[in-house]
Amino acid sequence: MKSLRTSRIVLGFTFLCCSVFVMAGIERAQQIPESLYSEMKWRMIGPFRAGRVNAVAGVPGNPAVYYFAADGGGVWKTTDGGVVWKPIFDKEPVASMGAMVLAPSNSNIIYVGTGVNTIFADSSYGDGVYKSVDGGENWQHVGLEDSRHIGRILVDPRNPDLGLVAAMGHSTGPNEERGVFRSTDGGRSWKKVLYKDNVTAAINLCFEPGNPRVVYATLWHGIRKPGQKGTSYGPGSGLYKSIDEGVTWTQITGHGLPEGEWGRAGVAVAPGNHGQRVYLIVERRRKKADCTGPTTRERRGKKRRRTSGS
């Protein structure tokens with residue numbers, strides 16, 4: 001009994017010392033004077049010209065290695081935390097990038113989707129999906145040539161051969177190679193698993209954190225007409241959910257989601273909430289009731305009339 005009591009005292013004293021040490025560390029961290037970091041500023045680390053960045057990826061556990069995919073500048077890599085960037089896609093026949101992902105279970109496996117993921121009058125298109133198994137040293141074309149624009153790529157956290165691609169298709173007219181495609185063999189073959197029609201693109205994909213069997217996707221009527229200004233809207237746009245890692249899909253409507261035709265939409269699932277908190281950002285047509293106030297041009301006209309009358 002005496003030995004047990006002594007052990008309890010020693011353990012209690014050890015726990016108390018550790019607690020005091022941790023709390024002291026937290027207190028010191030909270031007391032760091034702002035003057036030590038107030039002068040820190042963001043700075044450009046390059047490369048100087050690579051176009052708009054559409055995707056960024058880092059290697060978990062290695063803060064020196066990062067990749068990014070540029071709108072019209074291919075894929076770039078740094079191995080020294082951004083001091084030097086090198087282009088690693090220059091040997092391929094396309095420079096326009098829309099999506100990129102590193103396989104979570106093997107960071108040497110990289111998938112990139114070509115073609116910009118935004119649609120403008122002068123958007124550059126690509127020729128499908130490429131894959132590297134050696135950290136970007138070499139690339140292999142793995143299909144979906146007529147997808148033109150890739151919006152997003154997902155890779156199963158446990159299996160680098162299982163992936164999903166959001167294919168946008170032609171930006172100015174109909175084609176069949178659009179929607180969500182799924183591969184279980186590392187891109188050697190693809191199956192179309194979510195398709196609305198030949199003018200509706202798949203634009204966004206996301207896993208539920210910690211549960212890759214649950215996937216969300218957004219579709220977008222992304223056809224752009226000659227001379228068009230602003231975004232595109234269409235009846236095919238919407239939010240979809242899969243609970244079998246992309247094999248089958250169900251559209252989600254109502255329950256607070258906006259009615260009518262959507263434009264482009266993005267979706268994300270918050271971690272740590274067992275998939276219960278989902279965020280959706282949607283472009284939506286303004287109703288006439290939303291436009292009852294004077295426009296900017298009307299306000300300027302009234303101001304000019306008041307000025308001229310003085």
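Visitor: How do the residues lining the largest cavity divide into nonpolar, polar and charged?
Guide: The lining of the largest cavity has 7 nonpolar residues, 4 polar and 1 charged. Bear in mind that this is a predicted model.

Visitor: Which residues are they?
Guide: The lining of the largest cavity consists of Tyr 111, Ile 153, Leu 154, Val 155, Asp 161, Gly 163, Leu 164, Val 165, Ser 183, Gly 186, Gly 187 and Trp 190.

Visitor: And how much space lies in that cavity?
Guide: About 40 Å³. Searching the whole structure turns up 1 cavity of 30 Å³ or more.

Visitor: Which strands supply at least two residues of its lining?
Guide: β9 (150-155) and β10 (163-167) each do that.

Visitor: Let's stay with β10. Why would you call it largely enclosed by the rest of the structure?
Guide: Because 5 of the 5 residues of β10 are buried. Gly 163, Val 165 and Ala 167 point one way from the strand, Leu 164 and Ala 166 point the other way, and all are buried.

Visitor: What does β10 pair with, then?
Guide: β9, for one, in the antiparallel sense over 5 bridges. β10 also pairs with strand β11 (residues 179-183), again antiparallel and over 5 bridges. Take Ala 167 as an example: in β10 it is the bridge partner of Ile 150, and in β11 its own partner is Gly 179.

Visitor: OK, switching to pockets. How much space lies in the largest one?
Guide: The largest pocket holds about 310 Å³ of space.

Visitor: Which of its lining residues lie nearest the centre?
Guide: Lys 86, Pro 87, Ile 88, Gly 136 and Glu 137, out of 17 lining residues. On the strand side, β3 (75-78) and β4 (86-87) each give at least two residues to that pocket's lining.

Visitor: Now the packing. Which residues have the most contacts inside the largest nonpolar core?
Guide: Tyr 67, Phe 89, Met 100 and Val 112, in a core of 17 residues. β1 (53-59), β2 (62-70), β5 (97-103) and β6 (106-114) each supply at least two residues of this core. There's also a second, separate core of 15 residues, with Val 101, Ile 153, Ala 167 and Phe 181 among them.

Visitor: What about β17, buried or exposed?
Guide: 6 of the 8 residues of strand β17 (residues 262-269) are buried, so β17 is largely enclosed by the rest of the structure. It runs antiparallel to strand β18 (residues 278-284), with 6 bridges joining the two. Across that pairing, Ala 265 stands opposite Val 282 in β18.

Visitor: Last one: how many helices and strands does the chain have?
Guide: 2 helices and 18 strands. Of its 310 residues, 43% count as buried. Among contacts with a separation of 6 or more, 45% are between residues 24 or more positions apart.

How values were computed. Residues are numbered from 1 along each chain as its sequence is written. This is a predicted model: local features need pLDDT of at least 70, side-chain atom pairs count only at pLDDT 80 or more; totals for chains, interfaces and linings use all residues. Side-chain values use heavy atoms; hydrogens and water are left out. On a 1 Å grid over the protein atoms alone, a cavity is a set of points where a 1.4 Å probe fits but cannot get out, and a pocket is an open set with protein on both sides within 12 Å along at least five of seven lines; lining residues have an atom within 4 Å of a point. Grid points are joined across faces, edges and corners, and a volume is the space filled by probe spheres set on the points. Helices (H or I, at least four residues) and strands (E, at least two) are DSSP runs, numbered from the N terminus. A nonpolar core is a set of buried Ala, Val, Leu, Ile, Met, Phe, Trp, Tyr and Cys residues joined through side-chain atoms within 4.5 Å. Buried means under 20% relative accessible area, exposed over 50%, partly exposed in between (1.4 Å probe, protein chains only). Two strands pair if DSSP finds at least two bridges between them. Ala, Val, Leu, Ile, Met, Phe, Trp, Tyr, Cys and Pro count as nonpolar, Asp, Glu, Lys and Arg as charged, and the others, Gly among them, as polar. Contact means heavy atoms within 4.5 Å.
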